[in-house]
Amino acid sequence: MDFRFSEEQQQFRMELRAWLKDNLERSWIEELRDPDNDEKKLFDIRRSWQAKLNESGYLGIHWPKEWGGRGLTVVENAIFAAETIHAPPIASRVGINLLGPALIHHATEEQRKRFIPKMLSGEEVWCQGFSEPDAGSDLAALRTRAEPDGDDFRLEGQKVWTTFAPWSDWIFVLARTDPDDRYGGITFFLVSLHQEEIDVRPIRQITGESEFGEVFFSGALAKREHIIGAIGEGWKIAMTVLAYERGSMSLAHLARFDHYLKDLVQGVREKGTLKRADVREKIARLLVEKEVLRANGYRTLATLASGQAPGPEASLEKIFWSEYSRRLADEALDLLGLQAQLLVRSPYARPHMDWAQEALYSRAVTIYAGSSEIQRNIISKRILKLPSS
Ligand SMILES: Cc1cc2nc3c(=O)[nH]c(=O)nc-3n(C[C@H](O)[C@H](O)[C@H](O)COP(=O)(O)OP(=O)(O)OC[C@H]3O[C@@H](n4cnc5c(N)ncnc54)[C@H](O)[C@@H]3O)c2cc1C
């Protein structure tokens, strides 16, 4: 495997760096520190940053040109993700990273034309309606029903933990079109959230934000023309979405961890504890694990770059980066002491790193996109071919 970037890829990186210098006025952490920026304003900043990126062709970098992409490869897309870690996250992250690939693989030409341009521009923000109160890890247990109504369908049921639901315009929903067929009875619908028959209730998180919510459907309209794939093919399409969710962000995680580790070392140096053997050992371990992550990330990237969809190997990476995230944040809180526990708007917090948020949010990363236990089950069954019982 060749770990070097080509000349064209290096050139892309340099152009992007120059573009960011001219276009990124304030880093995301500066926006977060600004007391005038409430949750709504922060979301607007994300939306306008997304629009700016799209106008300059920096979204859907590896998507075909005819669907609004730049026609490059997953490698340039990964370079983009790594170079922009200090920029605001885009508003329609869920749409572009998860639904986008599913539309490209499974939607009709008409559906792509209808949904992709507005998804890229941020005019329509998307959320993912898969999980339900009794269907998380066991997603096929989902019970939201889609009942035929003339040509279309009506949805009844509830989704939960829906990221960005309070800010979204559309939701992609897995709903049951056949109650008796566990996998073949699930259909993939694109549904507008702007209807009276849908109630979105924000959920307040440990971080203080309400980034996600519950979504209640009581007779909401789900149009037949907005079904992706055929009726009953929802499970297959959902698996494409989940594989992308698990495996496609490796270089971005790596760039973030590079930045975090630098801040950790700097903080420890400021505290005067960097020379202690136990501290050095902990930091060395984190550094080595980060390099393992790099090798894993390059392997996934090579698979994607050769045109293959991410397979069960994406689970290896998901476990590694998510559990690393938690270890790194926990060690940082331990090694940096009280300063790392201050919220970002405190004048005494570390200026370039929000450790408190990172430590709290890292509790979630081993749960979403499939918990660590579920990833281990996938690895044991599908990679190691171990028996189920
Ligand atoms: C920050 C965040 C954002 C999210 N965003 C979205 C979103 O946008 N859209 C969406 O649809 N969902 C979203 N989710 C939901 C997420 O997909 C689920 O939380 C996840 O799949 C786990 O399901 P659960 O919470 O119902 O836990 P459960 O499935 O009830 O699991 C509880 C515990 O049991 C363990 N467990 C369950 N089954 C097994 C098994 N077979 N073997 C071993 N252990 C097992 C799990 O690992 C876990 O520790 C989000 C979750 C988080 C934390």
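In which crossing, left-handed or right-handed, does H8 pass H9? The crossing of H8 past H9 is left-handed, a crossing being left-handed if the near helix is turned anticlockwise from the far one by less than a right angle, and right-handed if clockwise. The structure is a predicted model, in which local features need pLDDT of at least 70 and side-chain atom pairs count only at pLDDT 80 or more, whereas totals for chains, interfaces and linings use all residues. Residues are numbered from 1 along each chain as its sequence is written.

The protein is divided into domain 1 (7-91), domain 2 (127-233) and domain 3 (249-383), with bounds that come from an automatic or database domain assignment. Between domain 2 and domain 3, the C-alpha centres are 31 Å apart. Both of these domains contribute residues to the shell around the ligand, so the ligand lies between them. The ligand is surrounded by 19 residues, of which Phe130, Gly136, Ser137, Ser371 and Glu373 are the closest; a residue is near a molecule if its C-beta atom, placed from the backbone, lies within 6 Å of it. Two or more residues of the shell come from each of strand S1 (126-129), strand S3 (152-163) and helix H12 (372-383), helices (H or I, at least four residues) and strands (E, at least two) being DSSP runs numbered from the N terminus. By class, the shell has eight nonpolar, ten polar and one charged residue; Ala, Val, Leu, Ile, Met, Phe, Trp, Tyr, Cys and Pro count as nonpolar, Asp, Glu, Lys and Arg as charged, and the others, Gly among them, as polar.

Helix packing was examined next. The axes of H8 (residues 250-271) and H9 (residues 277-305) come within 9 Å and cross at roughly 165°; axes are lines fitted to C-alpha atoms, for helices over the stretch in contact, and angles run from 0 to 180 degrees between N-to-C directions. H8 is therefore roughly antiparallel to H9 (angles over 145 degrees count as roughly antiparallel). Residues in contact, with C-beta atoms, placed from the backbone, within 7 Å, include Phe257 and Leu261 in H8 and Ile283 and Leu287 in H9. This contact of H8 with H9 comprises 13 nonpolar, four polar and two charged residues.

H9 also packs against H10 (residues 313-336), their axes coming within 10 Å and crossing at roughly 155°. These two helices are therefore roughly antiparallel to each other, and their crossing is left-handed. Among the residues making the contact are Leu286 and Leu293 of H9 and Phe320, Trp321 and Tyr324 of H10. The contact of H9 with H10 divides into eleven nonpolar, four polar and five charged residues.

For H10 and H11 (residues 355-365), the axes come within 9 Å and cross at roughly 150°, again in a left-handed crossing.

Conventions: Parallel < 35°, antiparallel > 145°, perpendicular 65-115°, else oblique. Contact = placed C-beta atoms within 7 Å.
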